[in-house]
Amino acid sequence: MSSVRNTSHESALFGLWLNWIIAGGALFVPNLVSVYSPPQLIPLITYALAGALYIYNKTSLRSRKAVCPLLPTIAMRTLFISATIMVIISIIYRRGLITYFYDQDSINAAKPFVTSLIISPVVLINTLWANLRGKKYSACRSCMITLGPRTERGFIGTLFAQESRFQRLFLLAISVVLTIITWGYYTFFYINVNINIPDRFFFGWVPVILFIISVFYIGARCFTLWAYYFQDTEGSYNRDNGTSNLRILIISGDTMFLSRQEDLTEDTYDNCFDTPASLAFHFTENLSKQKAANLLCDLSQLNTSDFELRFMYTSYEASRDCNTFHYICCPTTPEVLNESGFKGKWYNLSQIERMLHNHELTPMLAAEIHRLYTVTMAWKTYDADGFRLYKVKNYHPLFRLNGICDWDVDFNSPLWLEVSRFNEDKPLFRFRRMLRRIFASS
């Protein structure tokens, strides 16, 4: 199991390098092609590359493997926007509208645009937007919905978050440099008659050379991380074997039973609160409700008649070699816990909200509560298609936990996570929903 797991983690790490090669290559290839090909072909090539990246991204996420869709998404949007700008400029030239802005003698109808002058600033704007949005960027939110938050994806999930941020900033720096170089050369040296050798170098080869340098740099960075995390015999992550974990949130009415970590085990988050009902065991792909109930009884000295158990969801580490089964336990009465082996106390929703705000909950518990809240509010507010259940815009019912074990909602389905992100209260909902249907059926 350990060697298989190591291989999957290593392939996930080098998948970040592959993402950079694919996304960066798609971005910089049109620049080189444009200085040797007719301008009419460039928008078609750029659209085709954007479509290929769209398919690559969708296929990667559907496989539920350790992937990061951030760079391909930025590249895909950049190519689509750039190609659209090229088409608009070509139409302006063809219709003769360009003469309203420039003198007839200063334009070259055979060369209506310079590709790198369009792509470089569009990359800059898109990457800057992704940096400003952070976790709220659509690719990051789609990844979280499909694969789960960083906390639940373990070591590789944390590594992906770190490296995707670095790659995002690195791409931003490259786009700034390219924008300055290409527009500087165009402003001071370019003569709009034809494309000569210096023009080909600055508009076509400089972006490609920077891309090749970046490929070697990102590759070296991935090899360094591989050597540090996977070849260190003293503290290597390789030593971990695949495990499964069971975590059970104990809820009664609108309260949750929590314990300080110092009451449980020595842990990095020993000053934080967590559920006392958690344990690790040998890896298994599935865990039945009955088996989970038996494990809870063994852990707490409770009887199955003392509580009701419902499945919440399953989360996987990014390598898919470790998983966690999340359950909810509803005791018949709060006093039942007095007879258990659990140490802790009951906390109401306002107290939990305060602890969450003050970072007093373990990251895993915070992720569980976030999912619980997100799915609950989406289910109570919208139908499965994202339309409001109550015809009052931006109305949201109160968040309550009472009766949660009897709710008819699937916490394991990504549907309600998607509805929380995309619903009737969002701008242009119907139009965007129509576009989604068109692209989904294509």
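User: Which residues does serine 340 touch, not counting residues up to four places away in sequence?

Analyst: Serine 340 touches Ser300, Gln301 and Leu302. Contact means heavy atoms within 4.5 Å. This is a predicted model, in which local features need pLDDT of at least 70 and side-chain atom pairs count only at pLDDT 80 or more, while totals for chains, interfaces and linings use all residues. Residues are numbered from 1 along each chain as its sequence is written, and side-chain values use heavy atoms, with hydrogens and water left out.

User: Why is serine 340 called buried?

Analyst: Buried means under 20% relative accessible area, exposed over 50%, and partly exposed in between, with a 1.4 Å probe and protein chains only. Serine 340 has 11% relative accessibility, so it counts as buried. Serine 340 is found in the loop between strand 6 and strand 7 (345-348).

User: What makes the approach of serine 340 to leucine 337 a polar contact?

Analyst: A polar contact is a pair of N or O atoms within 3.5 Å; within protein, one must be able to donate a hydrogen and the other to accept it, and residues adjacent in sequence count only if both atoms are side-chain atoms. A polar atom of the serine 340 side chain lies 2.7 Å from the backbone oxygen of leucine 337. The side chain of serine 340 also reaches the backbone nitrogen of phenylalanine 342, at 3.2 Å.

User: Why is glutamine 301 called exposed?

Analyst: Its relative accessible area is 55%, so glutamine 301 is exposed. Glutamine 301 is found in the loop between helix 8 and strand 5. Helices (H or I, at least four residues) and strands (E, at least two) are DSSP runs, numbered from the N terminus.

User: How do you know that the span of helix 8 is close to the expected one?

Analyst: The expected span is 1.5 Å times one less than the number of residues. Helix 8 (residues 289-300) has twelve residues and reaches 16 Å from its first C-alpha to its last, close to the expected 16 Å. Its buried residues are Ala292, Ala293, Leu295, Leu296, Cys297 and Ser300. These pack against strand 1 (243-252), strand 4 (277-282), strand 5 (307-316) and strand 6 (323-331).

User: Why is glutamate 163 called buried?

Analyst: Its relative accessibility is 2%, so glutamate 163 counts as buried. Glutamate 163 lies in helix 6 (residues 154-188). Leaving aside neighbours within four places in sequence, glutamate 163 is in contact with Leu16, Arg221 and Leu225. Its side chain makes a polar contact with the side chain of glutamine 162 at 2.7 Å.

User: What makes a set of residues a nonpolar core, and how many residues has the largest?

Analyst: A nonpolar core is a set of buried Ala, Val, Leu, Ile, Met, Phe, Trp, Tyr and Cys residues joined through side-chain atoms within 4.5 Å. The largest has 38 residues, and Trp20, Leu27 and Leu171 have the most contacts inside it. Helix 1 gives the most to this core, with eight residues.
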